[in-house]
Amino acid sequence: ANRELSCCWMFLTFFRLGVKFHIFAAATVEQFEQAKNKLSTLKNDPGNEAKLKIYALFKQATQGPCNTPKPGMLDFVNKVKWDAWKSLGSISQDEARQQYCDLIGSLVTAEGGTTLAAKPAGSGTTYETLLVTTEDDITTIKLNRPAKKNAITTEMYNDIIAALEQAAKDDSVITVITGAGDFYCSGNDLSNFTKIPEGGVDEMAKQGGDLLRKYVKAYIDFPKPLVAVVNGPAVGISVTVLGLFDLVYATDRATFHTPFSQLGQSAEGCSSYTFPKIMGSAKASEMLLFNKKLTAAQACGLGLVTEVFPDSSFQSEVWSRLKAYAKLPPNSLALSKQLIRSMEKDRLHAVNNAEVERLMERWTSDECFNAVMSFFQAKAKL
Ligand code: COA
C-alpha cells in the first residue's frame with residue numbers, strides 16, 4: 001500500500017508541475033499558488049493520509065466535486081485516490097483551495113518553515129482532526145473529518161479544548177468554529193461508546209463525563225467573541241453549545257437536531273438552561289425531549305441563530321462581515337462579551353455539572369446501549 005501511495009505522491013507532484021490552472025477567486029489565487037510552490041519544498045514525506053488529502057483537495061479545488069466513475073475494485077491506487085476526492089463531497093472550489101492552503105501551511109510550519117498568509121494559530125500546533133489558522137485577526141477552528149460529517153471523537157474533544165485555550169491567548173480578536181465539507185458537525189462520534197476502557201462501562205462513563213465537563217467549560221469561560229459559522233447540518237453537542245456562542249451564522253442548508261431521547265441520552269452543552277431561555281420552554285422541549293429538527297430559518301426565528309444566508313453566498317458574506325468586525329477595538333469587544341456573560345457564569349458551570357452527572361448515568365443505561373448499537377447495525381446493513 002505504501003508503494004501505491006508513493007505512486008499517488010509522484011502522480012500528484014507531476015500533476016502539480018504539469019498543469020496550468022485557472023483560479024477564479026482572486027483573493028486566494030496567490031495563496032493557492034504559494035501553497036503549490038511550498039509543497040515542493042517539504043523536506044519530509046508528510047505521510048500517506050496527508051498526501052491523499054492534498055491530492056483530493058487539489059482535485060476539488062481545480063475541478064470541483066468528484067465526477068469521474070468509481071475505479072474498479074482491483075485498481076487500488078486510483079480507487080484510494082478516488083475515495084479521498086469523493087469524501088470531500090460537495091465542498092466548493094473556494095473552500096477546497098482554502099483547505100489546501102491551510103493543510104500545506106500546517107505541514108510547512110510543522111517542519112519549522114515559514115507559513116503562508118493564513119498561518120496556523122499559536123506556536124504552530126497542528127491537529128489531526130482540526131485545521132486551525134489565524135488570518136485577518138480571526139482564529140478559525142475548522143472541524144476536519146468531512147467523511148464522518150465532522151463527528152467529534154475523544155481526541156477531537158481534547159484538540160478543540162486545546163485550540164480554544166490557544167485562541168483565548170493569541171492576538172486574534174474573534175474566534176470562529178466551522179466545519180469542513182457539507183456538514184457542520186454530526187455531534188458526538190458514537191463510536192466513542194464502543195471503546196470500553198479496562199474499568200468497564202462505568203469507567204467509560206466517568207472518563208466521558210470528565211471530558212464533556214471540560215469541553216463545555218472551555219466554551220463557558222471563553223473570553224473573546226466566539227462565532228459559529230454553521231456551514232451545513234448540525235447535530236447533538238454541536239447544536240447544544242450554540243447557546244454559549246456570541247454569534248451564530250448559518251447557511252440556509254443547515255438544520256439543527258438534538259436527538260437525545262432517541263439515543264437514550266439527555267441534554268448537554270448547557271442547553272437545558274440556555275435553550276428554554278433563548279426560545280421558551282415549549283419550543284426547547286420540542287427540540288430537547290422530542291427530537292424536533294429545525295430548519296435554519298426556524299432556528300433563526302427562535303433566536304438560536306443570528307442570521308441565515310443563502311448557501312451560494314454564505315462564505316463570502318459571512319467572512320467579509322467577520323473581517324470587518326475583527327477590526328473593532330479588541331479590548332472593548334472582549335470586555336463587553338465578558339460583561340454580558342459574567343452574571344451567568346456560575347449558573348452555567350452548575351448546569352454543566354448537573355447535565356454531565358445525568359449523562360454519566362445515561363451512558364451506562366440499556367436505553368443508550370441499545371440506541372448506539374442500532375445506529376451501527378443500521379450502518380452495517382447498508
Ligand atoms: N458518530 C459516528 N459516526 C458518524 C456519526 C456520528 N455521530 N455521524 C456520521 N457518522 C459516520 C457514518 O457512520 C458514516 O460512516 P461510514 O461512511 O463509515 O459508513 C459517515 O459518517 C457518513 O455518514 P452517513 O450516515 O453515511 O451520512 P448521511 O448524510 O446519510 O447522514 C447523519 C448523516 C449525521 C444524519 C447520520 O450519519 C447520523 O444520523 N449520524 C448520527 C448523528 C447522531 O446521532 N449524533 C449524536 C447526537 S447526540
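In the protein chain, 75% of the contacts with a separation of 6 or more are between residues 24 or more positions apart; two residues are in contact if their C-beta atoms, placed from the backbone, lie within 7 Å. This is a predicted model, where local features need pLDDT of at least 70, side-chain atom pairs count only at pLDDT 80 or more, and totals for chains, interfaces and linings use all residues. Residues are numbered from 1 along each chain as its sequence is written.

Now for the overall build. The protein chain has 15 helices and 10 strands (helices are DSSP runs of H or I with at least four residues, strands are runs of E with at least two, numbered from the N terminus). Of its 382 residues, 42% count as buried, where buried stands for 20 or more other C-beta atoms within 10 Å of the residue's own, with C-beta atoms placed from the backbone.

On to the inside. The largest nonpolar core has 98 residues; a core like this is a set of buried Ala, Val, Leu, Ile, Met, Phe, Trp, Tyr and Cys residues joined through C-beta atoms within 7 Å. Tyr100, Val227, Val230, Val248 and Ala250 have the most contacts inside this core. At least three of its residues come from each of domain 1 (1–117) and domain 2 (121–382), with bounds taken from an automatic or database domain assignment.

Strand E4 (residues 174–179) is well tucked in, with six of its six residues buried. Ile174, Val176 and Thr178 cover one side, while Thr175, Ile177 and Gly179 sit on the other, and all are buried. In a regular strand, side chains alternate between the two faces of the sheet. E4 pairs with strand E3 (residues 138–143) in the parallel sense over six bridges (pairing takes at least two bridges found by DSSP). Across this pair, Thr139 stands opposite Thr175 in E4.

Elsewhere, three strands form an open sheet in the order E6-E8-E9, with mixed pairing. Strands E6 (234–235) and E9 (294–295) are at the edges with a single partner strand each, so one side of each has no neighbour in the sheet. E8 (residues 255–257) pairs with E9 in the antiparallel sense over two bridges, and Phe256 stands opposite Leu294 in E9.

Notes:
A residue is buried if 20 or more other C-beta atoms lie within 10 Å of its own, exposed if 12 or fewer, and partly exposed in between; C-beta atoms are placed from the backbone.
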